[in-house]
Amino acid sequence: MHSTLLYGAPALLYFVNNNVAFWCMHYLDPGAYSVLVQLKIATTVVAFRVAFGATRPIGTRRWAALALLLAGCVTSQLRESLGETLAQPVVGLALVVLQCTISAVASVATEWLLKRSRQSIHLQNVQLYSFGMLFGNVALAAKGLTPLDLVRGWNAATYASLLLLSFTGLAVSFVMKWADNLIKVFATAGSMFLTTAAASVLFGSPVRPQQWVGAVVASVALYLYATNPPQSERVVRPAPLRIVTTSRSQPCSSARDTEKIP
């Protein structure tokens with residue numbers, strides 16, 4: 001029972017985070033929000049370092065890779081100068097920082113919960129999303145609404161989107177349980193660039209130069225991250241075995257009787 005109740009904490013954080021996101025979009029224009037929300041990369045790395053730093057070091061080159069990823073994502077989303085992007089209401093900027101911080105803490109807490117238990121990941125997801133549904137229904141009731149009010153006017157495309165987003169949530173939980181939040185950061189960035197490519201192919205949306213530059217920088221970041229695991233994760237090959245053979249006519253300490261087997 002105690003372990004089940006623990007899932008209420010990240011579920012509440014996700015619930016608050018999703019609502020703060022709407023307030024961010026209320027105060028910020030879409031272009032500025034798409035750039036500023038990339039701060040989530042930095043807050044996730046910091047939260048991960050605070051939670052797991054002692055046992056799972058990141059390494060200098062991986063820090064550099066994560067900084068490159070942040071730069072690439074910000075660059076890809078820029079539609080105007082950085083100064084104009086930051087010229088937003090203070091309330092909006094503060095809300096973005098709050099959203100990115102809550103998201104990072106929720107993600108790291110979820111990873112910790114998923115990895116600390118040997119329960120089936122499906123059971124863990126049921127516990128997490130049950131709390132999410134509880135908080136959502138309480139919020140609806142406070143507004144005098146019911147879950148049925150939410151689905152009015154939905155069409156096939158809406159239900160398809162809901163189904164795909166559900167599978168996305170399951171995929172993210174697998175990444176957190178078997179990899180970590182840093183891998184999730186790269187996966188999220190990759191999905192952003194894949195979405196850009198898909199929109200270009202399917203809808204003829206132009207790909208801006210900033211997006212090409214951002215994709216290249218993010219690719220370099222991914223290569224740098226993947227090829228530089230921290231010292232604790234590197235595979236140490238055992239030293240070659242040495243078999244000493246002896247003969248009647250030669251002492252066993254002779255060097256010429258020592259054979260190296262790779």
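**From a surface helix to a buried one**

Let me begin with L170, which is found in helix 10. Please keep in mind that the model is predicted.

Is L170 buried, partly exposed or exposed? Its relative accessible area is 32%, and L170 therefore counts as partly exposed. L170 also belongs to a nonpolar patch on the surface, together with Y129, L163, F167, F174 and W178. The accessible area of these residues together is about 650 Å². Helix 10, spanning residues 156-178, gives the most to this patch, namely five residues.

Of the 262 residues, 32% are buried. The protein exposes about 16,400 Å², and carbon and sulfur atoms supply 69% of that area. As for contacts between residues at least 6 apart in sequence, 78% join residues at least 24 apart.

My second residue is A104, in helix 7, which covers residues 90-116. A104 has a relative accessibility of 1%, so it counts as buried, the cut-off being under 20%. Which residues does A104 touch, leaving aside those up to four places away in sequence? They are T43, T44 and A47. A further pairing concerns N17: it lies 87 residues from A104 in sequence, yet the C-alpha to C-alpha separation is 9.9 Å.

Thank you for your attention.

How values were computed
Residues numbered from 1 in each chain as written. Predicted model: local features only at pLDDT ≥ 70, side-chain atom pairs only at ≥ 80, totals over all residues. Heavy atoms only, no water. Buried < 20%, exposed > 50% of the residue type's maximum accessible area, 1.4 Å probe, protein only. Contact = heavy atoms within 4.5 Å. Areas by Shrake-Rupley, 256 points an atom, 1.4 Å probe, with all protein chains shown as cover. Helix = DSSP H or I, 4+ residues; strand = E, 2+ residues; numbered from the N terminus. Patch = residues over 30% accessible without salt bridge, like charges linked within 9 Å, V, L, I, M, F, W, Y side chains within 5 Å. Salt bridge = Lys/Arg side-chain N within 4 Å of Asp/Glu carboxyl O.
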